[in-house]
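Dear colleague,

I am passing the structure below on to you, together with some notes on what was found in it. Please look through the sequence and the structure before you read on.

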Amino acid sequence: MSMEPVNSGVAAEPAESPDVADAGAAPEAPTLGQLMLAVEELWPESLAEEWDEVGLVAGHPSAEITRVMFAVDPTLEVIDEAIEWGAELLITHHPLLLKGVTSVAANTPKGKAVHRLIESGTALLTVHTNGDSAVGGVSDVLADALGLQDVAPLTRAANGLPEEGIGRVGDLAEAMTLGDFAARVYGILPSVAGGVRVSGDKDGLVRRIAVCGGAGDSLFDEVRASGADLYVTADLRHHAASEAREAAVNDRPYLIDVSHFASEWLWLPAAADALGNVLADQGLDVDIRVSSTNSDPWDFILTPGGD
Ligand SMILES: [Zn+2]
């Protein structure tokens, strides 16, 4: 299944850097090891949550990299797209192997993925909660796309700067209705089946907005403490949403629930641009592209409730 992303899945073409010592030298392709240093500069592994598994999953650090593809999920469809394009490196947000395994036999989905990567010579690198937490990370991009200002993390990173951490909260320049803001959320997301679910008074005003790309139902205490009028996140289950609404003060925070994949997909073009810029500054040239595969597991929706 292929998607037509709103932000057109962009290839970041790094420009030749003016900082290169020998201005006449043609940009070179980096090794995987050099590329990993650029990734570490943007999304340090020390920012990852303790339970997370980030970094290199497959690949030789000495391998030359000319093409890099960014994607949300390392599904077989995404891996095949990367191989077909000729990417020597696939960078995904979600880990392929988060839990311990005792086999990567090719008769299991994850084993098949590992085999395809190694047999095709395609490296796989994970930038997960380190990509959430960093400045310019998943929730930062989401906050920016929604027009939030004076943005700060919902939870500070244990090993980071004050502006690093999970989730973001910020303010709109002017208050708007929940209905209008929901339309704004709808307008920035790539086309997926899930749509935008809203809890709250359509005509109620919102100005202070908390966001967390991906599953954010562990952050309700931080959202309440931030004084947000509205919390935008993904994967909100019945009890978490219901209890948060029961605990609302002055009916706030309202809730908006979106597709997990869509909320994180927004980060990919920004990440591709950022990596292209870091490499170009070092005189390194790589063709970077965002995957056009829609790996949201949901394909269609029936809405008997109407609007
Ligand atoms: Zn996620």
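A polar atom of the S133 side chain lies 3.0 Å from the backbone nitrogen of G165, in what is a predicted model, where local features need pLDDT of at least 70, side-chain atom pairs count only at pLDDT 80 or more, and totals for chains, interfaces and linings use all residues. Residues are numbered from 1 along each chain as its sequence is written, and side-chain values use heavy atoms, with hydrogens and water left out.

S133 belongs to helix α4, residues 129–133 (helices are DSSP runs of H or I with at least four residues, strands runs of E with at least two, numbered from the N terminus). With a relative accessibility of 1%, S133 counts as buried (under 20% relative accessible area, with a 1.4 Å probe and protein chains only). Beyond its neighbours within four places in sequence, S133 is in contact (heavy atoms within 4.5 Å) with residues including L47, A157, G165 and I166.

I166, in β7, stands opposite T155. Strands β6 and β7 (residues 165–177) run antiparallel and are joined by five bridges, where pairing requires that DSSP finds at least two bridges between two strands. Both belong to an open sheet of six strands with mixed pairing, in the order β6-β7-β9-β10-β11-β8. Because β6 (149–156) and β8 (197–199) stand at the edges with a single partner strand each, one side of each is left without a neighbour in the sheet.

Best regards

Terms used
Buried means under 20% relative accessible area, exposed over 50%, partly exposed in between (1.4 Å probe, protein chains only). A polar contact is a pair of N or O atoms within 3.5 Å; within protein, one must be able to donate a hydrogen and the other to accept it, and residues adjacent in sequence count only if both atoms are side-chain atoms.
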